[in-house]
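Opening the notebook on this one. I'll jot down what I look up as I go.

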Amino acid sequence: MNETRKHILAESEIPRQWYNIQADMPNKLAPSLHPGTKQPITAEDLSSIFPLELIKQEVSQERWIDIPDEVMEKYRIWRPTPLIRAVALERALDTPAKIYYKYEGTSPAGSHKVNTAIPQAYYNKIAGIKNLTTETGAGQWGSSLSLACSFYDMACTVYMVKVSYQQKPYRRSFMQIYGADVIPSPSEKTEAGRNLLAIDPNSNGSLGIAISEAVEVAMSNRDTNYALGSVMNHVILHQTIIGLEVKKQLEKIGDYPDVVVGACGGGSNFSGIAFPFLQDKFMGTKVRAVAVEPTACPTLTRGVFAYDYGDLGKLTPLSKMYTLGSSFMPSGIHAGGLRYHGESPLVSQLYHDGFIEAQAFNQRETFEAAILFSKTEGIVPAPEAAHAIRGAIVEALKAKESGESKTILFCLSGHGHFDMGAYDQYLAGNLVDVRCDEEEIQRNIAKLPQI
Ligand SMILES: *Cc1c(COP(=O)(O)O)cnc(C)c1O
């Protein structure tokens, strides 16, 4: 019991490069297509909303990409993040398994999303961009980008899904502290927003519609670009800093995971922790990677692998990914960051090729896991991160049943300090499990574009 519990690296040990899995994955990605012409998208097409450096990263086949010094300087505010052995949780579960979690909630905005917000703002800044637009669901991404924009002295406009805007006023205040302009979506400010409000004036909003609004504004203003908090290849590239740090931390103690678990919305924190281990898996190492999603938005477990739009307004490129259809409206579960109809093309291809597994859990069982984790390990997790905890607990209980000792690693992607409304509802017994019915899934999948 005298074993080191918290594994920390020195600042000088922070990885200096991100890992690009595109260099190593056996089957390459299908090209993204222009939403109008349906032809493969060009750098030129993307340049109206993204800076050249990020477009290059999006399609790069280089295995290692240098992290700029200016980004390293900001990373050093909170990185490296701790890797913690969950000994109290292990004891509570009476499992022979070892459970480690990588805690990304130590970032100034409270989640892993700052890992990509900072390089995205930086590359836009050096390209001469003055304003970034984006969407936010639970508020984690909006907070991270607001922070990054204030670091680089840029303006930030955040379209916040209306139901979150109403449920989470403190998230809104948090973004405003960093100087962001926060607008509830759907709004009257964009054509996409006005079109939707004409059909459904009481719309709660969704990530799909908020993306349309943010992209529309970026496309129609020269000094304005758009930034996405998940899904895209460059976002996932930036998040690999998580898994690269874990590898160094585990190497020092001579351990290696049998299974890596992450909550999966657009796929960025899961990829961030898992992809550096998949690099080993491509070479024959036995390691499982498990993506955990909500039953209310079961993209990997019940969606289809097909070309689809990233947004409701069909402004974004078409990507080949697992999707429930861009018109799918997930119910208002509290893990707002997991309510997205699509999935990262990288995660999708690797899931399709059998390198990744997926599991879906109900809302209440994830909150149960969150409460047990809070009481044992002390950290109150974000509802999204609670999905990873549930996934890790299920693995630990399997180990208990079979009596095998195994090493489980999961990403604790953020803290839940802004999610007390959700916890209140859970504690009052008001949270319900939502399972979407097959008919609704099929209805939206039938509307997928024919490619
Ligand atoms: C946004 C978010 C997620 C889900 O997004 P991914 O891109 O799948 O990582 C998970 N956890 C937290 C804390 C988040 O903020």
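This is a predicted model: local features need pLDDT of at least 70, side-chain atom pairs count only at pLDDT 80 or more; totals for chains, interfaces and linings use all residues.

**Lysine, serine, sheet**

Lys113 sits in the loop between β5 (98-103) and α5 (114-126).

Is Lys113 buried or exposed? I get a relative accessible area of 16%, and the cut-off for buried is under 20%, so Lys113 counts as buried. Leaving aside neighbours within four places in sequence, I find Lys113 in contact with Gln140, Trp141, Ser144, Gly229 and Gln239.

Next I checked Ser344, in the loop between β13 (318-323) and α14 (345-352). Ser344 is buried, at 0% relative accessible area. With neighbours within four places in sequence set aside, its contacts are Val231, Ile236 and Gly266.

Then the domain. The unreviewed UniProt entry gives residues 78-414 as "domain: Tryptophan synthase beta chain-like PALP". Over that stretch I have 45% helix and 19% strand, with the end C-alpha atoms 13 Å apart.

On to an open sheet of seven strands: I read the order as β1-β4-β5-β15-β10-β11-β14, with mixed pairing.

One of the pairs I noted is Val259 with Arg288 in β11. Helix α16 (383-402) packs on the sheet and touches β5, β10, β11, β14 and β15. Its direction makes about 170 degrees with that of β15.

Note on methods:
Residues are numbered from 1 along each chain as its sequence is written. Side-chain values use heavy atoms; hydrogens and water are left out. Helices (H or I, at least four residues) and strands (E, at least two) are DSSP runs, numbered from the N terminus. Buried means under 20% relative accessible area, exposed over 50%, partly exposed in between (1.4 Å probe, protein chains only). Contact means heavy atoms within 4.5 Å. UniProt positions are given in the numbering used here, feature names are shortened, and annotations may be inferred rather than shown by experiment. Two strands pair if DSSP finds at least two bridges between them. Axes are lines fitted to C-alpha atoms, for helices over the stretch in contact, and angles run from 0 to 180 degrees between N-to-C directions.
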